[in-house]
Amino acid sequence: MGKNMKWLLIVLGVLVVLFGINQLKQSSLGSSSEQVFEIERDDIFSFDISQGEESISLVYNGENWFIDGNDTLVVKEHTMNGFFDRVLKVKRTSLVSKNQNKWDKFNVGDSTGTPLNLKDHNGESLGLITVGKSAAEWASSNIRIGDEVEVYQTNENISWQLNTS
């Protein structure tokens, strides 16, 4: 084997090692997609949505969904199906912030976000998220899960589903 061939193999080996290291570094920076709620729809019997001073609670009586405090207004089944299909299947994709001081910037602060609290038949919380509109991406929302500090971007915009008016 000639001298040039040895050098070529050494350079090729170094490039393969550098490529492998680069791939490992890049994979740690990638975004993962994890489902926000690990809840079955049949376990949800009520939920609360709040926006500033306004709030609304919907309750399931075993047959129909209705707005709490208004026993004559039944919510259409296809409306609830659409709501649950979007909200329960939403996934967090990218970590946006680990800084609690930036919650308001991402519209998930106590005064800027829209809390959604899903509850079981005993009124116990199954899952709580605070949803905010994403200023950077119209097709996604920002969310904060429970008491966590981290803010994530979602794979879908669900903030319009949580309008209380």
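Start by selecting helix α2, residues 77-87, and colour its buried members: M80, F83, F84 and V87. Now look down the helix axis. These four residues span an arc of only 90 degrees around the axis, so they sit on the same side of α2. Keep in mind as you go that this is a predicted model.

Next, switch to a cartoon view of the whole chain. You'll find two helices and 10 strands. Walk along the sequence and the order goes α-β-β-β-β-β-α-β-β-β-β-β.

Zoom out now and check the overall size. The C-alpha atoms fill a box of roughly 90 × 35 × 25 Å along the principal axes. The radius of gyration is 23 Å, while a compact globule of 165 residues would come in near 15 Å.

How much of the chain is buried? Buried residues account for 33% of the 165 residues.

For the next stop, colour by charge. There are 15 positive and 22 negative side chains, with the centres of the two sets 18 Å apart.

Last, show the contacts. Take those between residues at least 6 apart in sequence: 55% of them join residues at least 24 apart.

Note on methods: Residues numbered from 1 in each chain as written. Predicted model: local features only at pLDDT ≥ 70, side-chain atom pairs only at ≥ 80, totals over all residues. Heavy atoms only, no water. Rg over C-alpha atoms; globule rule 2.2 N^0.38 Å. Buried < 20%, exposed > 50% of the residue type's maximum accessible area, 1.4 Å probe, protein only. Contact = heavy atoms within 4.5 Å. Lys, Arg positive; Asp, Glu negative; His and termini not counted. Charge placed at Lys NZ, Arg CZ, Asp CG, Glu CD. Arc of directions from axis to C-beta.
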